[in-house]
Amino acid sequence: MILIFGLTPRCGSTSIVQAVNCSTRFDLITEPFNPNAIEWAPKLFEEAESQEEILEKIVSLGVDGIKHLEYQVGKELNEKLINVASKKILIYRSNQLEVCSSQWMSESYQKEFGKSVWHPQGIARENVADFFTWTRPPLPAHRLSQQIKKFKSLCDHYGRIFSTKNTLVIRYEDFFRPNMFSISKLCDYLECELLSEEWKRLLSPKNKFNESSIKDKLIPNMETYRRAEERFIFNPVWRNF
């Protein structure tokens, strides 16, 4: 079973799973532990009474794999999930200012308008046009501090776990740069053929949902944070990858 494991939200894991599903023979399930993403996952999972039961169904059904975000279950179940996967892809984003501001864009919009807008999949932009024009409240400094502290803790914890496994590590900042990321490397790791070129559209920088320029325009204090952006970038040093 393939596990695409996003260390934090807004790390690009949805784009990667879409690229795999559209361009290879695999059909991976997106976030089966996320009740808000149930429309992406099989209805069978709605009948599960616990997260442990969902994991049991994933294993018993013999699915190709799943895309999963760390925060959606506890550390113990995450480790079980990692252990049952034969192929593990760990995805992270170095720039925690981008992670935090992307979350703020969606969270503050949902609070104001009652619309959940996290990814362009299945969304008609004309129905959420104000997402790209509405000025957000300032991004609280404590949100950034908490995000960086949590990210470093996650890197330490999961770095120890994944370093003993057969893991492919992908950094967000690399796979949206064609000269840095090779889809063939991903296919080699998954031992599959590339069946279409659809991945090029999905991983094209111009198709990113939360462009930095939009966040800079709509979050009032982003310019202040940009001036000290190096403080919010963290590249973990992991051994054995």
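**Figure 1. The whole chain, seen through its contacts.** Take the contacts (heavy atoms within 4.5 Å) between residues at least 6 apart in sequence in the protein chain: 78% of them join residues at least 24 apart. This is a predicted model, in which local features need pLDDT of at least 70, side-chain atom pairs count only at pLDDT 80 or more, and totals for chains, interfaces and linings use all residues. Residues are numbered from 1 along each chain as its sequence is written, and side-chain values use heavy atoms, with hydrogens and water left out. The secondary structure comes to 10 helices and 5 strands; these are DSSP runs numbered from the N terminus, with helices being H or I of at least four residues and strands E of at least two. Of the 241 residues in the protein chain, 55% are buried. Here buried means under 20% relative accessible area, exposed means over 50%, and partly exposed is what falls in between, using a 1.4 Å probe and protein chains only.

**Figure 2. Helix 2 against helix 3.** Two packed helices are described by the angle between their axes and the distance between the axes. For helix 2 (residues 51-61) and helix 3 (residues 75-84), the angle is about 5 degrees and the axes are 11 Å apart. That makes helix 2 roughly parallel to helix 3. Helix 2 brings Gln51, Glu52, Leu55 and Val59 to the contact, and helix 3 brings Leu77, Lys80, Leu81 and Val84. Sorted by class, the residues of this contact are 5 nonpolar, 1 polar and 2 charged. A few conventions for this view and the later ones: axes are lines fitted to C-alpha atoms, for helices over the stretch in contact, and angles run from 0 to 180 degrees between N-to-C directions. Angles under 35 degrees count as roughly parallel, over 145 as roughly antiparallel, 65 to 115 as roughly perpendicular, and the rest as oblique. Ala, Val, Leu, Ile, Met, Phe, Trp, Tyr, Cys and Pro count as nonpolar, Asp, Glu, Lys and Arg as charged, and the others, Gly among them, as polar.

**Figure 3. Helix 3 against helix 5.** The axes of helix 3 and helix 5 (residues 141-162) cross at roughly 30 degrees and come within 11 Å. That makes helix 3 roughly parallel to helix 5. Lys75, Asn78, Glu79 and Ile82 of helix 3 meet Leu154, His157, Tyr158, Ile161 and Phe162 of helix 5. The class count for this contact is 5 nonpolar, 2 polar and 2 charged.

Figure 4. A nonpolar core is a set of buried Ala, Val, Leu, Ile, Met, Phe, Trp, Tyr and Cys residues joined through side-chain atoms within 4.5 Å. The largest one has 27 residues, and Phe5, Leu7, Phe33, Ile58, Ile66 and Tyr158 touch the most other members. Strand 1 (2-6), helix 2, helix 3, strand 4 (87-92) and helix 5 each supply at least two residues of this core. Helix 5 gives the most, with 6 residues. Not counting residues up to four places away in sequence, Tyr158 touches Phe5, Leu7, Glu70, Lys75, Asn78 and Ile82. Apart from this core lies another, of 24 residues, including Ile16, Ile91, Cys187 and Leu203.

**Figure 5. Helix 4 across helix 5, with Gln96.** The axes of helix 4 (residues 96-113) and helix 5 come within 10 Å and cross at roughly 125 degrees. Helix 4 and helix 5 are therefore oblique to each other. Their contact is made by Gln96, Leu97, Val99, Cys100, Gln103, Trp104 and Glu107 of helix 4 and Arg143, Leu144, Gln147, Ile148 and Phe151 of helix 5. Gln96 is buried, with a relative accessible area of 1%. Leaving aside neighbours within four places in sequence, Gln96 is in contact with Thr8, Leu144, Gln147, Ile148, Phe151 and Phe232.

**Figure 6. Two residues with positive phi.** Most residues other than glycine have a negative phi. Glu31 has a positive phi of about 50 degrees, and sits in the loop between strand 2 (29-30) and helix 2. Glu191 has a phi near 55 degrees, in the loop between helix 7 (183-190) and helix 8 (198-202). Glu31 is buried, at 6% relative accessible area, whereas Glu191 is exposed, at 58%.
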